[in-house]
Amino acid sequence: MSDSFDGDMVIRDGRRRVPVVEGASPSEVQDPAIREEVKRAAVWIGMISAVALIVLLAQPLLIILAGLVFASLLDGGVRLLGRVLPIGRPWRLLIVCLLTVAFLLGTFYLTGVQVTEQVTQLRTTLEGQAARFSKFLSSQGLMPGASDINGMARQALSSVGRLTSWVGTAIGALTTMFMIMIIGLFVAMDPRTYERGVQWMVPVAHREEFALTVRRMSYTLRRLLAGRILGMVAEGVLTWAALMLGGVPMAMILGVLTGLLAFIPNIGAFISGALMIAVGFSAGTDTGMWAIATYVVVQTFDGYVLLPLVAKKTVDMPPALTLGTQILASALLGILGLALADPITAMTKAALERRSERAGEDADDQTDDDTSESNKAR
């Protein structure tokens with residue numbers, strides 16, 4: 001290839017000379033109207049492609065979002081620990097991770113055998129109760145035959161399997177959890193680096209507003225997760241103690257399940273209550289009535305005492321809004337979408353509140369400008 005620059009326009013890249021060929025391109029569009037239409041078409045094609053890409057990548061995006069939620073959870077623990085330990089962030093993060101691992105290992109070590117036995121017993125009990133309930137409905141003419149029930153169950157399970165096929169196996173679920181924890185851990189190690197990278201992709205004129213909105217959203221998410229953890233611990237412990245006091249079988253596993261399902265408001269409470277009542281009636285009518293009373297008392301305390309106190313200090317979201325979001329997220333995105341419905345709603349709420357606040361600030365500035373111009377005119 002020749003290094004001659006004869007007949008070419010020359011620009012410089014530092015000390016180097018770069019030749020640029022002159023003359024019109026055969027693909028150049030000269031008509032301004034055609035140029036404008038091509039730009040509009042490119043914008044629409046880009047938007048459609050972006051929506052299609054989001055739909056195709058919905059599950060991986062949910063995994064990334066779950067990783068960010070886990071990172072926010074770790075970040076909240078690091079910030080809380082920083083109030084009492086004036087040491088570097090990496091050391092505080094290490095302490096939070098070690099305490100979390102020690103708690104999980106200690107819990108499984110101390111209660112592993114009992115929980116394993118109770119899980120097996122719980123499955124057997126629920127199967128027996130479901131069979132008795134189906135038999136009762138069939139005797140009353142309110143339920144189709146056993147063969148039809150089996151066919152309906154297979155259809156329902158196959159539909160759920162199609163909806164959540166990406167976590168349909170134990171290996172897939174473990175892999176998903178591992179990726180979520182790794183993403184969360186990496187982001188929690190140095191969140192400022194990732195924040196700078198995302199801000200860099202935003203136009204300069206909108207960077208300040210974007211940074212403020214992201215900060216509000218992350219603050220809201222940390223408060224939401226803190227309230228969720230407090231509610232999970234309270235519900236689990238209260239349920240365990242009450243069921244054990246009433247002699248309900250498998251009190252420990254029911255308490256653990258109630259605490260875990262409390263992460264998903266409304267729907268989680270309904271599932272844990274159904275399990276609790278089914279196990280209670282398997283041991284007798286009195287035990288079943290105690291299980292119902294326990295469920296009512298715990299949920300009443302949680303709904304009228306604990307949640308208002310937590311919401312006052314954290315994030316106040318209307319129950320109908322969260323339930324509607326959970327229904328939509330579970331139908332569109334599966335189990336992980338249901339688990340992340342609350343964080344998504346809280347962050348969206350924070351972003352919309354900031355947008356409304358910004359609109360109010362702009363309106364006030366416009367009013368002040370109009371007032372100043374009116375005073376000058378006088």
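## How H7 meets H8

Axes here are lines fitted to C-alpha atoms, for helices over the stretch in contact, and the angle between two of them runs from 0 to 180 degrees, taken between N-to-C directions. Keep that in mind for this predicted model. Helix H7 and helix H8 (residues 251–261) cross at roughly 160 degrees, and their axes come within 7 Å. Angles over 145 degrees count as roughly antiparallel, so that is the label for H7 and H8. Their crossing is right-handed.

Who does the touching? On the H7 side you'll find Met232, Glu235, Gly236, Thr239, Trp240, Leu243 and Met244, and they meet Ala251, Met252, Leu254, Gly255, Thr258, Gly259 and Leu260 of H8. Sorted by type, the residues of this contact are 8 nonpolar, 5 polar and 1 charged.

## How H6 meets H7

Now look at helix H6 (residues 191–200), which packs against H7 (residues 207–245) at about 140 degrees, with the axes 10 Å apart. That angle makes H6 oblique to H7. This crossing is right-handed.

H6 brings Glu195, Val198, Gln199 and Trp200 to the contact, while H7 brings Arg207, Phe210, Ala211 and Arg215.

## The nonpolar cores

Which residues have the most contacts inside the largest nonpolar core? They are Leu221, Leu224, Leu336 and Leu340, in a core of 14 residues. Helix H2 (58–82), H7 and helix H13 (341–377) each give two or more residues to this core, and H2 has the largest share, with 4.

There's also a second, separate core of 10 residues, with Leu243, Val248, Ile253 and Leu254 among them. Leu243 and Leu254 also turn up in the contact of H7 with H8.

Notes. Residues are numbered from 1 along each chain as its sequence is written. This is a predicted model: local features need pLDDT of at least 70, side-chain atom pairs count only at pLDDT 80 or more; totals for chains, interfaces and linings use all residues. Side-chain values use heavy atoms; hydrogens and water are left out. Angles under 35 degrees count as roughly parallel, over 145 as roughly antiparallel, 65 to 115 as roughly perpendicular and the rest as oblique. A crossing is left-handed if the near helix is turned anticlockwise from the far one by less than a right angle, and right-handed if clockwise. Contact means heavy atoms within 4.5 Å. A nonpolar core is a set of buried Ala, Val, Leu, Ile, Met, Phe, Trp, Tyr and Cys residues joined through side-chain atoms within 4.5 Å. Buried means under 20% relative accessible area, exposed over 50%, partly exposed in between (1.4 Å probe, protein chains only). Ala, Val, Leu, Ile, Met, Phe, Trp, Tyr, Cys and Pro count as nonpolar, Asp, Glu, Lys and Arg as charged, and the others, Gly among them, as polar.
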